[in-house]
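Trainee: I would like to go through the labels used for this model and see what each one rests on.
Mentor: Then let us take them one by one.

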There are 2 protein chains.
Amino acid sequence: VEKVTKVILDVLGGDTAPNAQLMGAIKALKQEPEMNLVLVGNKQVIDAFFDKHAEFKSRIEVVHTTTNIEMNEQPTQAIRNKPDSAIVMGLELVRDRKDCVGFISAGNTGALMTGAIMKIGRIAGVSRPALCPTFPTVRERKVLVLDVGANMDCKPINLVHFALMADVYLKQKGLENPRIGLLNLGTEEEKGNELTKETFQLLKKMPINFAGHVEARETFSGDYDAIITDGFAGNVLLKSMEGCGKLYTTELKKAMKGFPAVIGKLILAPRLLKMKKRLHEDAAGGAILLGIKKPVTKIHGNASPTTVSNALVLSHRTGDMNLEEKIGQALKDISAD
Amino acid sequence: VEKVTKVILDVLGGDTAPNAQLMGAIKALKQEPEMNLVLVGNKQVIDAFFDKHAEFKSRIEVVHTTTNIEMNEQPTQAIRNKPDSAIVMGLELVRDRKDCVGFISAGNTGALMTGAIMKIGRIAGVSRPALCPTFPTVRERKVLVLDVGANMDCKPINLVHFALMADVYLKQKGLENPRIGLLNLGTEEEKGNELTKETFQLLKKMPINFAGHVEARETFSGDYDAIITDGFAGNVLLKSMEGCGKLYTTELKKAMKGFPAVIGKLILAPRLLKMKKRLHEDAAGGAILLGIKKPVTKIHGNASPTTVSNALVLSHRTGDMNLEEKIGQALKDISAD
């Protein structure tokens with residue numbers, strides 16, 4: 001029997017909590033036999049739920065709290081003032097317990113990121129951690145984009161660290177020689193702003209498979225495994241994808257209005273819904289915060305049970321990756337050059 | 001009879017030239033009786049085309065050249081070294097001729113923008129001109145986004161100028177009190193990078209209807225008439241919309257594969273094609289370069305005849321807007337405060 005490790009889940013944060021979190025937990029426990037869970041939230045609610053799913057009771061542990069950091073709270077203050085919040089308790093648990101490999105929350109993004117740095121700390125040598133969601137592409141393979149909002153006003157060295165972290169992480173996920181691109185407004189070497197021009201020159205010298213500049217329209221082409229950018233542009237990329245998805249869905253609904261009801265409702269609607277779901281759950285599923293000593297994952301505020309489950313399974317699998325040592329080593333290697 | 005003014009069209013630049021340009025010209029001439037055209041391109045080709053459309057012959061003027069600035073040419077050098085290129089000739093014509101109100105090209109974007117500044121010049125007081133496409137939204141109204149790539153490494157004052165130019169332009173287009181937002185990664189005042197934080201404070205004091213920060217996902221909501229950003233983030237927004245459109249179309253095609261052929265081919269495909277076309281032609285139609293003494297419009301390299309026609313009609317209508325005086329005055333007013 002493989003050793004059983006635990007993932008910690010915030011059951012309070014997010015618009016769809018606690019239901020999506022609890023249903024996602026069951027889904028993940030079914031899928032991943034070597035994973036157990038630590039659920040941080042209202043013990044009464046969690047216990048009542050698992051009374052109905054008694055077969056999983058032995059695989060969960062409950063840490064009680066009803067204090068949540070709300071979406072509009074200032075991150076640093078909230079972390080300081082709410083030591084009994086699910087986010088702070090989850091971060092301290094994952095830091096202190098050897099049997100816990102990751103922490104997942106759908107709560108206040110800023111508080112989760114700031115808290116992760118304050119409570120768990122950066123991997124030695126990492127100038128800034130990066131928030132890294134995975135997007136679908138038109139092909140089978142997916143693409144990691146970093147950073148999407150943890151870091152404003154980046155310097156070239158921050159982006160170099162993002163690239164090295166992505167390289168380590170994707171190799172640990174099983175990709176050989178991941179192709180890493182730099183987000184820019186054209187593919188020519190001389191195009192871009194001061195940040196991308198300087199970063200381009202640095203990335204050329206790094207021991208990674210650097211694929212040069214990438215335009216935002218190529219994000220979903222499947223030609224890249226990771227795309228490096230600063231948090232502002234990355235956030236624009238992430239959120240314009242959401243906005244564009246909404247625009248397409250609205251237009252589709254309009255286009256469907258003229259359809260015979262049987263075609264629209266019975267044939268078309270389920271397929272389109274499925275498509276939207278796939279795009280949404282891939283894109284808005286777990287975004288891992290790379291560069292922290294133990295992996296912390298942010299899931300979308302309106303996460304579905306599938307998103308929760310996907311994030312739990314992924315987080316559990318990063319437990320074997322030893323990212324702290326591997327990322328630390330990669331950064332040491334380049335500073336020794 | 002209203003006075004007839006002319007728009008100049010580059011018939012050489014772009015992947016779909018000269019056909020899309022010539023068919024678009026006919027379409028626009030039909031739609032806009034008070035507009036005539038100056039066509040810059042291969043006289044033999046243009047004349048042969050208009051021999052078949054003889055009723056429009058009296059409304060066009062041909063300026064012959066076969067020199068095109070290619071997509072990969074360095075802008076400043078190309079403008080200097082190719083005085084007989086369609087872009088340089090078009091820019092000089094619109095600068096010199098009182099009867100010409102605008103110039104449109106699907107050619108090298110950098111050359112068109114650099115050439116416009118070099119040959120026509122900025123409006124007094126404008127620190128940087130901005131490239132401004134119009135996007136569709138989920139509602140009837142559209143949204144102007146500026147800048148989408150003319151300006152890297154902007155300063156707050158550049159973005160303030162963009163906002164004032166957008167305000168003047170949209171009012172001239174007939175919008176009352178246009179709502180102008182600043183692209184950012186959250187709506188809270190304290191969020192953002194150094195550029196957006198400083199710009200936010202300046203825009204609050206401007207005589208415009210400033211709607212605060214806008215997240216990229218709200219671009220297509222129809223809640224804003226203009227969204228202000230620097231050229232790097234704006235380019236990411238523009239191009240991720242293209243990429244996302246492609247992703248949706250690909251997924252839709254996959255979803256349609258299981259359909260009975262009659263439904264897919266006869267009912268569904270034409271509707272989806274129509275939708276894609278609308279989104280594409282709205283979004284990738286004319287992007288006006290605001291801040292230049294006479295309006296220059298960039299159209300997409302693979303522009304359709306409809307895009308060409310829309311851009312011609314719009315450019316013709318800007319002829320009555322007197323943007324040089326109005327934008328100059330708006331900038332003078334704020335520097336006098």
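**Labels and their cut-offs**

Mentor: F200(A) counts as buried, at 8% relative accessibility. This is a predicted model, in which local features need pLDDT of at least 70, side-chain atom pairs count only at pLDDT 80 or more, and totals for chains, interfaces and linings use all residues. Residues are numbered from 1 along each chain as its sequence is written, chains are lettered from A and ligands numbered from 1 in the order in which they are written, and side-chain values use heavy atoms, with hydrogens and water left out.

Trainee: What makes F200(A) buried?
Mentor: Buried means under 20% relative accessible area, exposed over 50%, and partly exposed in between (1.4 Å probe, protein chains only). F200(A) has 8%, so it is buried. F210(A), at 17%, is buried too.

Trainee: Why is the pair of F200(A) and F210(A) called edge-to-face?
Mentor: Rings of Phe, Tyr and Trp (its six-membered ring) pair if their centres lie within 6.5 Å; planes under 30 degrees apart count as stacked, over 60 as edge-to-face and the rest as tilted. Here the centres are 5.4 Å apart and the planes stand at 70°, so the pair is edge-to-face. The pair links distant parts of the chain, with F200(A) in helix α7 and F210(A) in strand β8 of chain A, 10 residues apart. Helices (H or I, at least four residues) and strands (E, at least two) are DSSP runs, numbered from the N terminus.

Trainee: What makes the pair of F49(B) and F50(B) edge-to-face?
Mentor: The ring centres are 5.4 Å apart and the planes are at 75°, so the pair is edge-to-face. F49(B) is buried at 15%, and F50(B) is buried at 0%.

Trainee: Why are α1(B) and α2(B) called oblique to each other?
Mentor: They pack at an angle of about 50°, with their axes 11 Å apart. Axes are lines fitted to C-alpha atoms, for helices over the stretch in contact, and angles run from 0 to 180 degrees between N-to-C directions. Angles under 35 degrees count as roughly parallel, over 145 as roughly antiparallel, 65 to 115 as roughly perpendicular and the rest as oblique. The two helices are therefore oblique.

Trainee: Is N322(A) buried, exposed or partly exposed, and why?
Mentor: Its relative accessible area is 37%, so N322(A) is partly exposed. N322(A) lies in the loop between α10 and α11 of chain A, and has a positive phi of about 55° although it is not a glycine.
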